[in-house]
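Please look over the sequence and the structure shown here before reading on. The paragraphs below lead through the fold one part at a time.

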Amino acid sequence: MWFEEQRFKKHWNDYIINTEKCKDYWIYPEIISLLHNLRRFIFILGPSPNSFYKIKKICNTYGLKMITVDDKFVIYKSDEDTSEFIEIFQSGKDDIKIGILLGYPKCCYKFYHKYFSKGIEVNPITTYKNSKKPFSFYLNNTQKLTSVISHFPCNYNCKKSIELSKKILSIIKELNGNEIYKELIDLLKNKSVFCKGLYFTFKEFNVPYPVNNDIAKCFGINNASKMSINENYIKSILPDGKIKIAKENFLLFDFE
Ligand SMILES: [Zn+2]
């Protein structure tokens with residue numbers, strides 16, 4: 001897990017509050033990829049009891065099955081042959097095979113394997129280091145709330161991953177119309193800052209995140225009591241609007 005537990009819980013709760021408003025499954029890009037035959041299996045990491053209930057309801061409505069493997073919830077269509085997947089997934093060793101069965105692009109599960117086989121954790125920073133700017137917003141996976149793809153792309157311009165993200169987004173557009181589609185694209189285009197082990201996104205749902213003193217220091221501010229990160233704030237620090245990246249302190253994920 002690449003972000004701090006507490007933060008993850010907060011994100012997951014926000015996710016559920018937002019899905020509360022939805023009558024359908026469109027908010028779950030993973031469920032979309034399953035129902036529209038882009039993937040055979042998906043998994044969701046330990047959802048809260050609330051979201052578990054919602055996901056279960058969606059599964060019942062759309063004829064999907066859900067089983068628990070360790071702390072993961074594996075979901076698939078009821079007519080799917082699961083024997084091979086469950087065995088491999090449970091052993092957790094053959095990450096290449098798992099990547100294939102989960103329907104991830106070849107270049108990406110190979111990239112994952114390169115690190116996984118050496119015992120190195122893969123996260124958005126691993127992708128960051130293998131990417132040239134500008135990053136494609138289709139692959140913005142720094143926020144659980146708005147991520148369309150569920151794997152770690154080999155780089156933030158990976159063609160196969162962009163293709164998958166576009167397909168899912170076009171289904172969302174088809175199901176829900178242009179307005180929601182545009183809203184999602186806007187959210188994906190938000191920049192993210194990785195700082196002190198946490199991710200912050202600018203303007204995400206217009207919810208200002210409280211910032212602690214450690215984070216504020218990265219922006220050259222001593223007192224963070226009422227600060228929230230947004231672009232204007234950064235511009236007020238550096239008049240040209242650019243952030244000087246101090247590698248040890250924070251990384252800017254610049255999605256365009
Ligand atoms: Zn790739």
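**A walk through the model**

In this predicted model, the protein chain contains eleven helices and six strands. Of its 256 residues, 31% are buried. When contacts between residues at least 6 apart in sequence are taken, 55% of them connect residues at least 24 apart.

Confidence comes next. The mean pLDDT of the protein chain is 73, with 62% of the residues at 70 or more. Where pLDDT is low, the predicted coordinates should not be read in detail.

Now turn to the strands. Which order do the strands take in the open sheet of three? The order is S1-S3-S2, and the pairing is antiparallel. S1 and strand S2 (64-69) are the edge strands, each with pairing on one side only. From one strand to the next, the twist averages 25 degrees. In general, strands of a sheet pair through backbone hydrogen bonds, either parallel or antiparallel.

The pairings can be followed residue by residue. S1 and strand S3 (residues 72-77) run antiparallel and are joined by five bridges. Ile42 has Ile75 of S3 as its bridge partner. On the S2 side, six bridges link S2 to S3, again in the antiparallel sense. Lys65 has its bridge partner in S3 as well, namely Tyr76. S2 and S3 form a hairpin with two residues between them. Asp70, in the turn of this hairpin, has a positive phi of about 55 degrees.

Another positive phi occurs at Asn37, about 60 degrees, although this residue is not a glycine. Asn37 is in the loop between helix H2 (29-35) and strand S1 (41-45). Is Asn37 buried or exposed? Asn37 has 9 other C-beta atoms within 10 Å, so it counts as exposed, the cut-off for that class being 12 or fewer.

Pro134 belongs to the loop between helix H7 (124-129) and H8.

At what angle do the axes of helix H8 (residues 159-176) and helix H9 (residues 178-188) cross? The crossing angle is roughly 145 degrees, and the axes come within 7 Å. From H8, the contact is made by Leu169, Ile172, Lys173 and Asn176. From H9, the residues in the contact are Asn178, Ile180, Tyr181 and Leu184. By class, five residues of the H8 and H9 contact are nonpolar, two are polar and one is charged.

Technical notes: Residues numbered from 1 in each chain as written. Predicted model: local features only at pLDDT ≥ 70, side-chain atom pairs only at ≥ 80, totals over all residues. Helix = DSSP H or I, 4+ residues; strand = E, 2+ residues; numbered from the N terminus. Buried ≥ 20, exposed ≤ 12 C-beta atoms within 10 Å, placed from the backbone. Contact = placed C-beta atoms within 7 Å. Axes fitted to C-alpha atoms, helices over the stretch in contact; angles between N-to-C directions. Nonpolar A, V, L, I, M, F, W, Y, C, P; charged D, E, K, R; others polar. pLDDT = per-residue confidence, 0-100. Pairing = 2+ DSSP bridges.
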